[in-house]
Amino acid sequence: MGKRYLGGALCALLCTLAACGGSSSGDPTNSTSSSTSSSTSSSTSSTTSAGSSTATALVALTSSSYNVAPASTAIVSIYRTGGSTGTAAVGYSTVNGTATAGADYVATSGTLTWTDGDTTAKTIAVPVTSKATGKQFAVSLTSIQGQAQFGSPTTATVTVDGTAATTATQSASGTMVPANAKQITDSAWSVWTLSGGVVYQQASTASSASPAGFSASVTLLLYYNGVVFQQNNECLWWSWSGSAWVSTSNPAPAITPACGGTSTVQSVGSGFGIKISGNKFVSTADGSTIIPVGSAVSGLDGSAGNTQQVWAGFPATTVATWQQIKAAWGINTIRVPMNSFDWLNLTCYDAGSGNAGKMYHSNGNGSYTPDPNHVYQGYVEQTIANIIAAGLYVLIDLHTDGPTGAAGPLCPVGEPSFLGSSALTFWTQIATLYKGNPAVMFDLHNEPYGSNVYANWFTTDPVTMRDGGQFANFLMQDNTNNNNLFTVNGGAAVTVVGKQAIVTAIRATGSTNVILDSPMGWAGDIQSWIQYKPTDPAGQIGAAWHIYGYNLGPKPPLAVLAAGYPIMITENEGFDAAIDGGKSSNAYAWAASNDIGCIQWGWNNWGGAPNLDSLISTNPWTEGGAPAP
């Protein structure tokens with residue numbers, strides 16, 4: 001929401017729900033393994049970027065110090081976090097300290113490689129002799145290539161401690177709770193347990209256990225090659241980075257139990273999903289017509305800040321709560337606005353507003369990190385899993401994105417006029433993740449507005465929006481400054497990624513999920529959608545429409561339906577059946593009679609509440625009445 005159709009007024013406040021805010025218009029395996037290691041990690045991890053701003057991932061050691069028993073093998077772990085696109089390779093080598101290679105340990109060096117999409121931990125195994133007691137050596141990362149940059153730490157000190165082996169017994173690789181053990185003891189002698197779906201960790205120096213980061217509905221803990229992994233009841237996997245859970249894939253499918261027996265998603269039916277048939281949305285289970293009805297829930301897009309506190313309320317909202325929300329308001333769909341830079345954790349630079357520091361973590365060198373604790377992806381995945389488990393469809397909305405300038409990616413502080421190169425990576429990853437889940441739909445770009453010149457919305461702007469290319473005077477909203485528009489990159493031309501390229505990339509993953517495409521004019525110009533829409537080889541594309549102030553009557557949307565495409569009004573605050581620019585609830589019956597979906601803008605968690613339980617009693621319909629699903 002923000003500036004609206006035909007360059008109209010700023011959006012009105014949404015009663016007690018939300019203001020304009022950030023809305024514009026308006027099997028991979030480890031390279032080495034050991035089940036007899038006695039190495040001990042201090043379980044510290046840094047998440048600060050220290051390399052090229054254009055990398056989409058960080059590679060770092062999981063700790064800056066390890067303890068290892070004499071006559072054993074030190075296992076040092078390396079993570080690739082913050083992105084998984086492309087290949088990455090890191091070189092490593094041992095370095096003498098008071099311990100000397102050949103006499104005290106075996107000199108070890110080599111290269112570890114991640115393939116495209118791989119985020120599993122890699123390990124370095126260094127045999128240590130009995131003569132090394134009381135001595136130290138180091139393991140250093142020496143070089144990096146591909147789609148990654150160095151994080152921190154890049155060097156770890158390994159201390160050979162004669163008492164390390166007597167203080168505890170490290171669990172064997174492949175230990176699983178509750179499948180074959182009650183607890184896991186890792187290489188740092190931390191004890192891991194699972195209770196009530198929550199993962200607990202008790203460090204060797206702690207007197208009691210405490211929750212390890214955020215976790216919910218966890219069904220399995222796995223200790224594999226020196227790393228702790230968890231799987232939840234939606235068959236999603238995370239690995240422990242030393243400070244947070246990082247989204248990953250099953251590192252050992254050959255030994256882990258088959259997932260799905262306890263998944264709450266099964267309660268909504270294995271055929272639960274939505275697809276397009278002609279100009280209607282229909283059930284993937286039985287082909288019956290579905291009219292998507294629901295609300296956006298803002299907070300993961302940066303509309304009111306970009307903090308972990310705001311994000312955390314989403315995954316903390318349980319399946320039971322979403323079921324109550326569904327029943328209270330008769331809805332079947334939740335729209336989830338997202339920020340591509342948060343998802344990709346792109347190191348970025350101020351886009352020209354001077355306000356990047358208000359939304360992103362400053363690295364102190366002119367660059368910013370969106371998600372320094374690497375929690376965003378996990379939070380989003382848990383949120384979407386819970387919503388679907390409650391029997392609701394999910395519409396993922398790319399709400400916030402930015403282009404790339406001379407310095408590197410430009411931090412988005414609001415909605416962009418077009419999409420940048422990060423959007424292509426974002427949608428490729430999202431499509432890869434959810435291509436087997438037809439309950440998830442993709443809303444490509446919330447509200448494109450191009451040059452924000454009305455005449456251009458029907459000529460040059462929609463061509464650029466569809467086909468991409470260079471565009472000067474790229475505009476962006478500033479959510480930190482009353483949603484004012486500003487010109488990014490000093491007005492110099494930047495690369496726009498066209499929606500056709502994005503649709504092609506999504507389908508290349510094998511995804512057949514429903515795609516919704518917004519027209520130009522802050523998603524309002526439904527009359528031009530047919531002419532400029534991208535082509536979808538899967539035939540699963542429909543129109544997303546924001547109906548703020550639209551006053552050209554019902555003929556344009558009915559023309560879209562007549563052409564064989566469905567429509568979902570993905571933002572509204574009530575509208576008249578005459579489609580005359582007025583606001584009321586009397587158009588909901590008109591929309592339902594034409595099988596047009598209605599999504600409200602919208603609920604939010606801008607205050608950073610610990611969960612979204614308040615939505616059970618918060619009416620999403622601002623004009624009274626309600627659409628009929």
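A residue counts as buried when its relative accessible area is under 20%. In this predicted model, Asn-345 has a relative accessible area of 9%, so Asn-345 is buried. Asn-345 sits in the loop between α4 (340-344) and β25 (348-350). Although Asn-345 is not a glycine, its phi is positive, at about 50°.

Ile-579 is another non-glycine residue with a positive phi of about 50°. The loop between β37 (567-571) and α11 (588-593) holds Ile-579. Its relative accessibility is 2%, so Ile-579 also counts as buried.

## Cis peptide bonds

Ser-152 and Pro-153 are joined by a cis peptide bond with omega of about 5°. Pro-153 belongs to the loop between β9 (149-150) and β10 (155-160).

A cis bond also runs from Trp-601 to Gly-602, where omega is near -25°. Gly-602 is part of strand β38.

## Helix α3

Helix α3 spans residues 319-329, and its buried residues are Val-319, Thr-321, Trp-322 and Ile-325. Viewed down the helix axis, these buried residues fall within an arc of 160°, so they line one face of α3. An α-helix has 3.6 residues a turn, so residues three or four places apart point the same way.

The cover over the buried residues of α3 includes β23 (293-298), β24 (333-339), α5 and β38 (597-604). Just after the helix, Gly-330 has a positive phi of about 65°.

## Nonpolar cores

The largest nonpolar core has 107 residues, and Ile-396, Trp-427 and Phe-575 touch the most other members. Helix α5 supplies the largest share of this core, 7 residues. Apart from this core lies another, of 26 residues, including Val-90, Ile-124, Val-128 and Ala-132.

Leaving aside neighbours within four places in sequence, the contacts of Ile-396 include Val-336, Met-338, Ile-384, Phe-426, Trp-427 and Ile-430. Also in contact with Ile-396 are Tyr-434, Val-440, Met-441, Phe-442 and Asp-443.

## The largest pocket

The volume of the largest pocket is about 630 Å³. Its lining is made up of 30 residues, and those nearest the centre are Ser-84, Gly-117, Ser-247, Gln-377 and Leu-433. Two or more lining residues come from each of β19 (245-248), α5 (376-389) and α6 (421-434).

Helix α6 gives the largest share of the lining, 5 residues. By residue class, the lining of this pocket holds 18 polar, 9 nonpolar and 3 charged residues.

Methods. Residues are numbered from 1 along each chain as its sequence is written. This is a predicted model: local features need pLDDT of at least 70, side-chain atom pairs count only at pLDDT 80 or more; totals for chains, interfaces and linings use all residues. Side-chain values use heavy atoms; hydrogens and water are left out. On a 1 Å grid over the protein atoms alone, a cavity is a set of points where a 1.4 Å probe fits but cannot get out, and a pocket is an open set with protein on both sides within 12 Å along at least five of seven lines; lining residues have an atom within 4 Å of a point. Grid points are joined across faces, edges and corners, and a volume is the space filled by probe spheres set on the points. Helices (H or I, at least four residues) and strands (E, at least two) are DSSP runs, numbered from the N terminus. Ala, Val, Leu, Ile, Met, Phe, Trp, Tyr, Cys and Pro count as nonpolar, Asp, Glu, Lys and Arg as charged, and the others, Gly among them, as polar. Buried means under 20% relative accessible area, exposed over 50%, partly exposed in between (1.4 Å probe, protein chains only). The arc is that of the directions from the helix axis to the C-beta atoms. Contact means heavy atoms within 4.5 Å. A nonpolar core is a set of buried Ala, Val, Leu, Ile, Met, Phe, Trp, Tyr and Cys residues joined through side-chain atoms within 4.5 Å.
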